[in-house]
Amino acid sequence: MKLSASIDNAMPELVAIRRDFHAHPELGLAETRTSAFVARHLEALGFEVTTGLAKTGVVGTLSCGTGSRSIGIRADMDALPIAEETGLDYASKTPGLMHACGHDGHTAMLLGAARALAERKNFNGTIHLIFQPAEENAGGAKIMVDEGLFERFPCDAVFALHNEPNLPFGQFALCDGPIMAAVDEARITVHGRGGHGAEPQETADPIVCGASIVMALQTVVARNIHPMDPSVVTVGAFHAGSASNIIPERAEIVVGIRSFDPAVRDELERRIRMIAKSQAQSFGMRATVDYERSYDATVNHKAETDFLRETAIRFAGADHVVDLQRPFMGSEDFAYMLKERPGSYFFLGSRVTGEEKSLHHPGYNFNDDLLPIGVAFWTELAEAYLAR
Ligand SMILES: [Zn+2]
Ligand SMILES: [Zn+2]
């Protein structure tokens, strides 16, 4: 069957599936409904289905011909703890949870590709479709890798995409090397001495000390990191106090840290710890720092990115494919799959009017018009990689 005809026929069902996922969002490692649907759907299409990796992860495997080559394509399935404000008739039925990152669309796209690949059987080798849990927080990709994903399902290369409402509709944005940053989090607690707001001399005010730490943290990227090394230090939360006549006992500062170079990552941690500790000391107080390393940087491999670019240009035309001039400072746990296997991660633009809400916004909704493009591209990429 011709690819476009096969995809057009399946589109009404696929849109319904995507909207059903949207109405039933599930948090990371709890995607039981989504995961069960994915497993049933793949089975019905003739895939060999493995469940239970990283609790709710699913791998669908399909072989054709005698070829020994294999490709892995990943989709993420989890939603976010955000109260939906889209007003859609298929909006989240679970209060406080929503698909605000389009993982409902990513999962539907890969299911659509599964159908096209199974119907056409136009490849020689093995395809592993990897549906991972918990991209947003718990690192489902890393858990799957740690549980032996690539030993059980050997992939010569792995690929993944993310929709991006800030890029023009249908644009492929890719790059060789680093594409997403490493992310870490520091929780700084300033331990003061509370008391009456009218008698500051009897207290040790953690708010004033904390404010000083916030300002001093602004110097880390500006003064300690090489200007050509991308990094971010963002104070995302500052919790302290309750009323104008009370000096609180403690202040808590939560810092998000992004970087690419491992040496820069170490230096950021060293400076943040030192600033927190020394600033507090200068106020006669004490600061404790709980520093947690989260996702590593997502680094694309050259040969696979070249193949991706070539395929995208053939698929969409050169004017719809851009090489990113700089990586994104967001993060992605596909990083851990790319540390084990060569591959490439890219963005697929979904902006039409410029009014689209950004990812993680309560008014965001995945653009269904992107489904046929994603389905056709994954199908072409897999078939090209495993060309007869
Ligand atoms: Zn997200
Ligand atoms: Zn996402």
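**Sheets, zinc site and pocket**

Q: Which residue in β2 does L53 stand opposite?
A: L53 has its counterpart in β2, in a model that is predicted. β1 and β2 (residues 57–64) pair in the antiparallel sense over 5 bridges. The residue of β2 opposite L53 is G57.

Q: Which strands stand at the edges of the sheet, each with a single partner strand?
A: The open sheet has 8 strands in the order β1-β2-β4-β3-β5-β16-β6-β15, with mixed pairing. An edge strand has a single partner, so one of its sides is left without a neighbour in the sheet. That describes β1 (48–53) and β15 (321–323).

Q: What is the average twist from one strand to the next?
A: The sheet in question is the open one of 8 strands, running from β1 to β15 in its order. From one strand to the next, its twist averages 25°.

Q: What angle does the direction of α3 make with that of β3?
A: Helix α3 packs on the sheet, where it touches β2, β3, β4 (125–132), β5 and β16 (343–351). The angle between the direction of α3 and that of β3 is about 145°.

Q: With the direction of which strand does α10 make about 155°?
A: α10 (residues 370–385) also packs on this sheet. Its contacts are with β3, β4, β5, β6 (172–174) and β16. The strand whose direction makes about 155° with that of α10 is β16.

Q: Which residues coordinate the zinc ion (ligand 2)?
A: The donor atoms are one SG and two NE2, at 2.0 to 2.3 Å. In sequence the donor residues are spaced C-x1-H-x58-H. The residues are C101, H103 and H162.

Q: How many residues apart in sequence are the parts that C101 and H162 tie together?
A: C101 lies in the loop between β3 (70–76) and α3 (103–120), whereas H162 is in strand β5 (residues 157–168). Both C101 and H162 are buried. The pair therefore ties together parts whose separation in sequence, in residues, is 61.

Q: Which residue coordinates both the zinc ion (ligand 2) and the zinc ion (ligand 1)?
A: The two zinc ions are 3.1 Å apart. The residue that coordinates both is C101.

Q: Which element gives the largest share of the lining of the largest pocket?
A: The largest pocket has a volume of about 760 Å³ and is lined by 29 residues. E136, V183, R258, S331 and H360 lie nearest its centre. Elements giving two or more residues to the lining are β5, β8 (182–191), β10 (231–240), β12 (250–259) and β16. The largest share, 4 residues, comes from β12.

Q: Which residue in β13 does A186 stand opposite?
A: β8 and β13 run antiparallel and are joined by 8 bridges. The residue of β13 opposite A186 is Y291.

Terms used. Residues are numbered from 1 along each chain as its sequence is written. Chains are lettered from A and ligands numbered from 1 in the order in which they are written. This is a predicted model: local features need pLDDT of at least 70, side-chain atom pairs count only at pLDDT 80 or more; totals for chains, interfaces and linings use all residues. Side-chain values use heavy atoms; hydrogens and water are left out. Donors are N, O and S atoms within 2.8 Å of the metal (3.2 Å for Na, K and Ca); water is not among the atoms, so sites may look incomplete. Buried means under 20% relative accessible area, exposed over 50%, partly exposed in between (1.4 Å probe, protein chains only). Two strands pair if DSSP finds at least two bridges between them. Axes are lines fitted to C-alpha atoms, for helices over the stretch in contact, and angles run from 0 to 180 degrees between N-to-C directions. Contact means heavy atoms within 4.5 Å. On a 1 Å grid over the protein atoms alone, a cavity is a set of points where a 1.4 Å probe fits but cannot get out, and a pocket is an open set with protein on both sides within 12 Å along at least five of seven lines; lining residues have an atom within 4 Å of a point. Grid points are joined across faces, edges and corners, and a volume is the space filled by probe spheres set on the points.
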